[in-house]
Amino acid sequence: MNEEKLLADMQEAVRTRLSGACGCHDFDHTMRVVVNAETLLESHPGADPFLVRLGALLHDCCRPEEDASDGRIDHAELGGVRSREMLSDAGCGPDVVEAVGRIVERHRFRGRGAKPQTIEEKIVHDADKLDSLGAVGVGRAFLFAGRIGARLHNSDSEALESAPYTREDTAYREYLVKLRSLPECMLTLRGRELAAERLDFMKEFFRRLNLETATEPPSPLDR
């Protein structure tokens with residue numbers, strides 16, 4: 001099997017599948033996850049780079065189906081099925097097909113399904129989560145908030161007491177409810193280190209945003 005050709009073919013297949021995807025989970029996101037995975041591979045020489053690259057490319061191959069179903073379809077679960085089909089059709093052996101299928105279906109496990117077990121599964125999981133943090137994480141949070149018509153910003157209480165997909169479902173709410181806890185969810189040591197660095201940027205960004213959107217003068221302690 002020509003691994004480079006297969007990777008190139010899968011990249012084009014994913015590009016086509018994600019051509020109409022929303023900006024938060026489009027082909028650009030997929031390629032950033034591939035880059036993140038390459039970075040994590042540097043700290044894990046025992047991982048199989050081929051499996052990691054394939055898993056990173058295919059991890060969101062069924063995101064459009066989830067978006068079209070308003071979340072009723074789990075893109076990771078369906079992606080595990082679809083990625084196996086795509087790789088089998090491309091002539092991959094059963095070991096590669098199954099390993100990559102598990103990477104895809106386990107990259108988002110939350111409270112359901114199996115937690116990533118192999119180092120390849122953990123790397124792709126962490127690579128995906130890293131794209132929700134740092135400067136790009138801020139950008140994606142605002143991109144999503146704008147898509148659903150949320151406010152630019154709100155207070156801690158307004159954000160934490162609101163429901164998702166409402167006007168109060170701001171980028172700040174995403175940060176408070178989900179993003180600030182991501183570093184502790186990382187499964188590799190290097191992933192946790194990079195996540196902590198990116199979270200520091202987000203903390204400073206939202207501190208500044210709180211100051212700049214305040215309707216009352218800040219206290220001396222916030223200056």
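Colleague: Leaving aside its neighbours within four places in sequence, which residues is Arg140 in contact with?

Modeller: Please keep in mind that this is a predicted model. Arg140 lies in helix α8. Setting aside neighbours within four places in sequence, the residues in contact with Arg140 are Cys24, His25, His29, Arg32, Asp131 and Ser132.

Colleague: Is Arg140 buried or exposed?

Modeller: The relative accessible area of Arg140 is 11%. A residue counts as buried when this value is under 20%. Arg140 is therefore buried.

Colleague: How far apart are the end C-alpha atoms of helix α8, and what span should its residues give?

Modeller: Helix α8 covers residues 134–147, which makes 14 residues. At 1.5 Å a residue, these should span 20 Å. The distance between the end C-alpha atoms agrees with this, at 20 Å.

Colleague: Which residues of α8 are buried, and how wide an arc do they cover around the axis?

Modeller: The buried residues of α8 are Gly134, Gly137, Val138, Arg140, Ala141, Phe144 and Ala145. They lie on the same side of α8, because the arc they cover around the axis is only 165 degrees.

Colleague: Which exposed residues does the face of α8 turned away from its buried side carry, and which elements do the buried residues pack against?

Modeller: The face turned away from the buried side of α8 carries the exposed residues Ala135 and Gly146. The buried residues of α8, in turn, pack against α2 (27–41), α10 (171–177) and α11 (189–212).

Colleague: Which element gives the largest share of the lining of the largest pocket?

Modeller: The largest pocket holds about 910 Å³ of space. Its lining has 32 residues, and His25, Arg63, Phe144, Tyr165 and Lys178 lie nearest its centre. The elements that give two or more residues to this lining are α4 (63–68), α7 (119–130), α8 and α10. The largest share, six residues, comes from α8.

Colleague: How many disulfides does a search of the whole structure find?

Modeller: A disulfide is a covalent bond between the sulfur atoms of two cysteines. For a pair to count, the sulfur atoms must be within 2.5 Å. The number found in a search of the whole structure is zero.

Colleague: Which cysteine sulfur is nearest to that of Cys62, and which to that of Cys185?

Modeller: Cys62 is in no disulfide, as the nearest cysteine sulfur is 4.1 Å away and belongs to Cys61. Cys185 is also in no disulfide, and 19 Å separates its sulfur from the nearest one.

Note on methods: Residues numbered from 1 in each chain as written. Predicted model: local features only at pLDDT ≥ 70, side-chain atom pairs only at ≥ 80, totals over all residues. Heavy atoms only, no water. Helix = DSSP H or I, 4+ residues; strand = E, 2+ residues; numbered from the N terminus. Expected span 1.5 Å × (residues − 1). Buried < 20%, exposed > 50% of the residue type's maximum accessible area, 1.4 Å probe, protein only. Arc of directions from axis to C-beta. Contact = heavy atoms within 4.5 Å. 1 Å grid on protein atoms, 1.4 Å probe; cavity = no way out; pocket = protein on both sides within 12 Å on 5 of 7 lines; lining within 4 Å. Points joined across faces, edges and corners; volume = space filled by probe spheres on them.
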